[in-house]
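Trainee: Please pick one part of this model and take me through it closely. After that, go on to whatever connects with the rest of the picture.

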Amino acid sequence: METNARLYTLDYSQARTYLMAAIFVGCNIVLPQLFHLIPQGGFIFAPLSLVILAGAYKFGWRAALLAAALSPLVNHLLFGQPSWAVLPVMTLKLVVIALVAGLVAERTKSVSLLLLAGVVLAAECIGGLGELLLTGGVDATVADFTIGWPGLLLQVFGTYLLLKKLPV
């Protein structure tokens, strides 16, 4: 299943890059609050990753990288989540997904479920390795797949639907 979607590669010299990054951060403030209404919803569904993945794919890695670096910090400052101890790992994982998704989209210029699944899997593996190096514990990395599989599916199918339906 492949779709025609307009994909952009925004540059740091464009005001739209910063506007989109601000919109992504805003979405990453609201969306986790909704998912936290579900017990362990933030951990299971990884709503920050969904926004970064869709944003990186649609508007490029630069705008998504800004949002990936700022979203966890802003959420921590406003709501105390993620905790200070988890902040570096979450930021690393979001930066990885921003870079992987943005670079794949820039290179392939196409959107498909298989391509998005590959991006999510690659980003999870790279981010999981980074998490392992930062924490030394394998439990959280394994939990991303055992407990967080609904979020991984949401990232793939949700991003596909967003990219297919976004008018811009």
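Mentor: Start with helix α3: 13 of its 13 residues are buried, so the helix is largely enclosed by the rest of the structure. Buried means under 20% relative accessible area, exposed means over 50%, and partly exposed is in between, with a 1.4 Å probe and protein chains only. Helices are DSSP runs of H or I with at least four residues, strands are runs of E with at least two, and both are numbered from the N terminus. This is a predicted model, in which local features need pLDDT of at least 70, side-chain atom pairs count only at pLDDT 80 or more, and totals for chains, interfaces and linings use all residues. Residues are numbered from 1 along each chain as its sequence is written, and side-chain values use heavy atoms, with hydrogens and water left out.

Helix α3 covers residues 47-59, and its 13 residues reach 18 Å from the first C-alpha to the last, close to the 18 Å expected. The expected span is 1.5 Å times one less than the number of residues. Just after α3, Gly60 has a positive phi of about 100°.

Rings of Phe, Tyr and Trp (its six-membered ring) pair if their centres lie within 6.5 Å; planes under 30 degrees apart are stacked, over 60 edge-to-face, and the rest tilted. The charged end of Arg16 sits over the ring of Tyr8, 4.7 Å from its centre. This label requires NZ of Lys or CZ of Arg within 6 Å of the ring centre and within 35 degrees of the ring normal.

In total, the structure holds 5 aromatic pairs. Tyr12 and Tyr18 form a tilted pair, because their planes stand at 35°, with ring centres 6.5 Å apart. Tyr12 is partly exposed at 32% relative accessibility, and Tyr18 is partly exposed at 42%. Phe35 and Phe45 also make a tilted pair, 5.4 Å centre to centre with 45° between the planes. Phe35 lies in helix α1 (residues 15-35) and Phe45 in helix α2 (residues 41-45), so this pair ties together parts 10 residues apart in sequence. Phe35 is buried, at 16% relative accessibility.

Ser71, in helix α4 (residues 61-79), touches Leu48 as well as Phe24, Val25 and Asn28, leaving aside residues up to four places away in sequence. Contact here means heavy atoms within 4.5 Å. The relative accessible area of Ser71 is 0%, so Ser71 is buried.

Elsewhere there are 2 salt bridges, each a side-chain nitrogen of Lys or Arg within 4 Å of a carboxyl oxygen of Asp or Glu. Lys93 meets Glu131 at 2.9 Å, N to O. This pair links distant parts of the chain, 38 residues apart, with Lys93 in helix α5 (residues 87-108) and Glu131 in helix α6 (residues 113-135). Lys93 also meets Asp144 at 2.1 Å, N to O. Asp144 lies in helix α7 (residues 139-146), so its bridge to Lys93 in α5 ties together parts 51 residues apart in sequence. Lys93 is buried at 17%, Glu131 at 7% and Asp144 at 13%.
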